[in-house]
Amino acid sequence: MARKNDRRKTVAGRKGGKPRAGGADVAKRAAPPGGAKAKPATAPAAPPPPKVKFRGRVLENEPLARYTTYRIGGPARFLVMPAETEDVVKALELAASRGLPWLVLGLGSNLLVKDGGFPAS
């Protein structure tokens with residue numbers, strides 16, 4: 001008795017019934033004259049932004065209610081908690097170079113922040 005797989009038609013001497021995606025006949029038709037392979041045109045990827053060495057903490061979308069005495073306020077796009085004075089300088093230079101608004105909170109005493117938060121642009 002014949003097995004189920006033995007009854008399938010073969011394509012180019014291959015079992016399975018389907019031709020391969022990159023078969024030899026496809027490569028012959030797609031290759032440009034002279035045997036050179038055409039490379040797809042791609043733009044070079046932009047280099048990643050440089051990393052800033054920072055000893056403090058940088059929090060993203062951090063609710064400001066945790067840092068005010070009235071316990072109200074929406075999220076700040078970035079909240080920087082510097083560990084030393086050099087971190088303050090680095091954070092301010094980075095904000096200025098990227099055009100980000102900044103605000104010094106201090107200890108958050110008597111500070112009201114809207115529920116929409118403090119945007120970064």
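Is Asn61 buried, partly exposed or exposed? At 46% relative accessibility, Asn61 counts as partly exposed, where buried means under 20% relative accessible area, exposed over 50%, and partly exposed in between (1.4 Å probe, protein chains only). The model is predicted: local features need pLDDT of at least 70, side-chain atom pairs count only at pLDDT 80 or more, and totals for chains, interfaces and linings use all residues. Residues are numbered from 1 along each chain as its sequence is written, and side-chain values use heavy atoms, with hydrogens and water left out.

**Backbone**

- Asn61 lies in strand 1 (residues 57-63); helices (H or I, at least four residues) and strands (E, at least two) are DSSP runs, numbered from the N terminus.
- Phi of Asn61 is near 55°, a positive value in a residue other than glycine.
- Asn110 also has a positive phi, of about 55°, and is not a glycine.
- Asn110 sits in the segment after helix 2 and counts as exposed at 59% relative accessibility.
- Most residues other than glycine have a negative phi.

**Salt bridges**

- The count comes to 3 salt bridges, each defined as a side-chain nitrogen of Lys or Arg within 4 Å of a carboxyl oxygen of Asp or Glu.
- Arg55 and Glu84 meet through their side chains at 2.5 Å, N to O. Arg55 lies in the loop between helix 1 (24-30) and strand 1, and Glu84 in the loop between strand 2 and helix 2, so the pair ties together parts that are 29 residues apart in sequence.
- Arg55 is exposed, with a relative accessible area of 60%, whereas Glu84 is partly exposed at 29%.
- Arg77 and Glu60 form a salt bridge at 2.2 Å, N to O. This pair links distant parts of the chain, with Arg77 in strand 2 and Glu60 in strand 1, 17 residues apart.
- Arg77 is partly exposed at 33% relative accessibility, and Glu60 is partly exposed at 46%.
- Arg66 and Glu62 form a salt bridge at 2.8 Å, N to O. Arg66 counts as exposed at 54% relative accessibility, but Glu62 counts as buried at 10%.
- Arg77 and Glu62 are 15 residues apart in sequence and 7.0 Å apart in space, C-alpha to C-alpha.

**Largest pocket**

- The largest pocket holds about 1,000 Å³ of space. A pocket is an open set of points on a 1 Å grid over the protein atoms alone, where a 1.4 Å probe fits, with protein on both sides within 12 Å along at least five of seven lines.
- Its lining has 34 residues, of which Phe78, Leu79, Val80, Met81 and Ala91 lie nearest the centre; lining residues have an atom within 4 Å of a point.
- Strand 2 (75-81) and helix 2 are the elements that give two or more residues to this lining.
- Helix 2 gives the most, with 7 residues.
- By class the lining has 28 nonpolar, 2 polar and 4 charged residues. Ala, Val, Leu, Ile, Met, Phe, Trp, Tyr, Cys and Pro count as nonpolar, Asp, Glu, Lys and Arg as charged, and the others, Gly among them, as polar.

**Nonpolar surface patch**

- Val88, Leu92, Trp102 and Val104 make a nonpolar surface patch of about 390 Å². Patch residues have over 30% relative accessible area and no salt bridge, and nonpolar side chains (Val, Leu, Ile, Met, Phe, Trp, Tyr) are joined within 5 Å.
- Accessible areas come from the Shrake-Rupley method with a 1.4 Å probe.
- Val104 is in the segment after helix 2 (85-98) and counts as exposed at 63% relative accessibility.

Key. Patch = residues over 30% accessible without salt bridge, like charges linked within 9 Å, V, L, I, M, F, W, Y side chains within 5 Å. Points joined across faces, edges and corners; volume = space filled by probe spheres on them.
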